[in-house]
Amino acid sequence: MKIHEYQARELLMDAGVPVPPSDVVETVDQAVAAHKKIGDRVVVKAQVFAGGRGKAGFVKLCATPAETEEAAGFMLSNRMVSKQTGPEGIAVKRLLIAAAVDIEAEYYVAVVLDREKRCPVVMVSREGGVEIEEVAARNPDAIVKEWLHPHLGLLGFQAGNLVNALGLTDKAQAKSARAVIAGLVKVFLSYDCSLAEINPLVRTKDGQIVAIDAKMNFDDSAVFRHPRLQEMFDPSEENANELRAKEHNLSYIALDGNIGCLVNGAGLAMATMDIIKLHGGEPANFLDVGGSVTREAAIEAFRIILSDERVKGILVNIFGGIARCDTIAEALIAAARELDFRVPVVVRLEGTNVERARALLSEANIDRLVTAADLTDAAEKVCARVA
Ligand code: GDP
Ligand code: MN
């Protein structure tokens, strides 16, 4: 799960991280009013689940309410296209109006889960700001890391090393940076984050250390134990199909290709995507209907896959273990009767009662339904049909 910058700022503030005052608005008038309230200069920032806003023109410093009016008008009526959005971009519904700061230096501070080392890692760099991905690629040594013991958290010497890496020699500034890092780690650990990032953390011209951007992602499986996060959940920013799938207990992840996959079991789903790619195709999604393929689940799964206009063919790859193949075939036939299969559907079934299932499918005589002898045959058939 993701949250907006303005929400991440709240969590940071609660953990003792200094953040400039701000307001969240939804209209140009509110933006102008917020500017007048906050004071002198503000920064107007699109609140969307994608980074790269600065470069896309969706973070704007505004010296007067008139400038804020123009910036807010632009952001609320244009889709933001950045490196992280895809060419169609995303609509902006909310803006953050934050007191602007005079920046002397920009730093990077983040905590992520290191899956190889199986613990959180804190990363800092004195080359923070909008180019951090390039820093990571060009000069990885400019990013200093400390790995956290899952139970002990951030130890004093580690905080010291990180602050030194930022090159903060001024005592008050070093102390302040230490509090920021400790606060970020606290948020990461107490809310089950998979990522908590401040980029940039800045040193202002008058020597203050403040966080002016924040990004957080959370482990979906842990959200149930954080009422605060549940309140922050914004369904309008999520992929509609992924939400729908979640409601029906289906694991669905949208991808970029044109071959829809309907599979039971995550391992089988991955193998299915691999074999599609091996035959030159591109999967449009990952969809695991789970152990029991009911009529309702099959219909919902097809509905979700077919609603993606890029889908030009579907590969159904199902292993009938506990759920028998003939039951699954009946579910497929029911889905075909209920929905319009606008693209070819190649079916590979294997397992208990597979002969009976094949007989049912051929008796049903469904237009566009193609049966496959095995997985390779299925991949070849579906790839040939979308080519
Ligand atoms: P992102 O591009 O989506 O990561 O958005 P950020 O919030 O990180 O803003 C991008 C850049 O805008 C920052 O790296 C800063 O250089 C600049 N910026 C943001 N807020 C301020 C501000 O209050 N004052 C000044 N001078 N620059 C700012
Ligand atoms: Mn940023």
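Predicted model: local features only at pLDDT ≥ 70, side-chain atom pairs only at ≥ 80, totals over all residues.
## A bridge from helix 8 to helix 1

Let's start with a pair of charged side chains: Arg-228 and Asp-14 form a salt bridge, with 2.9 Å between their closest N and O atoms. Arg-228 sits in helix 8 (residues 227–232) and Asp-14 in helix 1 (residues 5–14), so this contact ties together parts that are 214 residues apart in sequence.

Helix 1 itself is mostly covered, with seven of its ten residues buried. Those buried residues are Glu-5, Tyr-6, Gln-7, Ala-8, Arg-9, Leu-11 and Leu-12. Just past the end of helix 1 comes Gly-16, which takes a positive phi of about 85°.

## The overall picture

Stepping back, the protein has 14 helices and 16 strands. Its C-alpha atoms fill a box of roughly 80 × 50 × 40 Å along the principal axes. Of the 387 residues, 51% are buried.

For a sense of how the chain can stretch out, look at Gly-207, which is found in the loop between strand 8 (193–204) and strand 9 (209–211). Its C-alpha atom is separated by 31 Å from that of Ser-194, and the two residues are 13 apart along the chain. Gly-207 counts as partly exposed, with 26% relative accessibility.

How many salt bridges does the structure hold? There are 27 of them. The general idea is simple: side chains of opposite charge can pair when their charged atoms come close.

Another one joins Glu-26 to Arg-94, with the closest N and O atoms 3.3 Å apart. Glu-26 is in the loop between strand 1 (22–25) and helix 2 (28–38), and Arg-94 is in the loop between helix 4 (65–77) and strand 4 (95–99), so the pair ties together parts that are 68 residues apart in sequence. Are the two partners buried or partly exposed? Glu-26 counts as partly exposed, since its relative accessibility is 49%, whereas Arg-94 counts as buried, at 18%.

Then there's Arg-310 with Asp-256, whose closest N and O atoms are 4.0 Å apart. This pair also links distant parts of the chain, 54 residues apart: Arg-310 is in the loop between helix 11 (295–306) and strand 14 (313–320), and Asp-256 is in the loop between strand 11 and strand 12 (259–263). Arg-310 counts as partly exposed at 40% relative accessibility, and Asp-256 counts as exposed at 71%. Some bridges also share partners, and in this way Arg-244, Arg-295, Glu-296, Glu-300, Arg-303 and Glu-338 are joined into one network.

## The two largest pockets

The largest pocket holds about 1300 Å³. Its lining takes in 38 residues, and Glu-237, Glu-238, Asn-239, Ala-240 and Glu-242 lie nearest the centre. Which elements give two or more residues to this lining? They are helix 9 (240–247) and strand 11 (251–254), and helix 9 gives the most, with five residues. Sorted by class, the lining of the largest pocket has 16 nonpolar, ten polar and twelve charged residues.

The second largest pocket has a volume of about 1000 Å³. It is lined by 46 residues, and the closest to its centre are Gly-52, Arg-53, Val-130, Asn-199 and Asp-213. Here the breakdown by class is 21 nonpolar, nine polar and 16 charged residues.

One last stop: Leu-152, Leu-155 and Phe-157 make a nonpolar surface patch of about 310 Å². Leu-155 lies in the loop between strand 7 (143–147) and helix 6 (156–165).

Definitions and conventions
Residues numbered from 1 in each chain as written. Chains lettered and ligands numbered in written order. Heavy atoms only, no water. 1 Å grid on protein atoms, 1.4 Å probe; cavity = no way out; pocket = protein on both sides within 12 Å on 5 of 7 lines; lining within 4 Å. Points joined across faces, edges and corners; volume = space filled by probe spheres on them. Helix = DSSP H or I, 4+ residues; strand = E, 2+ residues; numbered from the N terminus. Nonpolar A, V, L, I, M, F, W, Y, C, P; charged D, E, K, R; others polar. Patch = residues over 30% accessible without salt bridge, like charges linked within 9 Å, V, L, I, M, F, W, Y side chains within 5 Å. Areas by Shrake-Rupley, 256 points an atom, 1.4 Å probe, with all protein chains shown as cover. Buried < 20%, exposed > 50% of the residue type's maximum accessible area, 1.4 Å probe, protein only.
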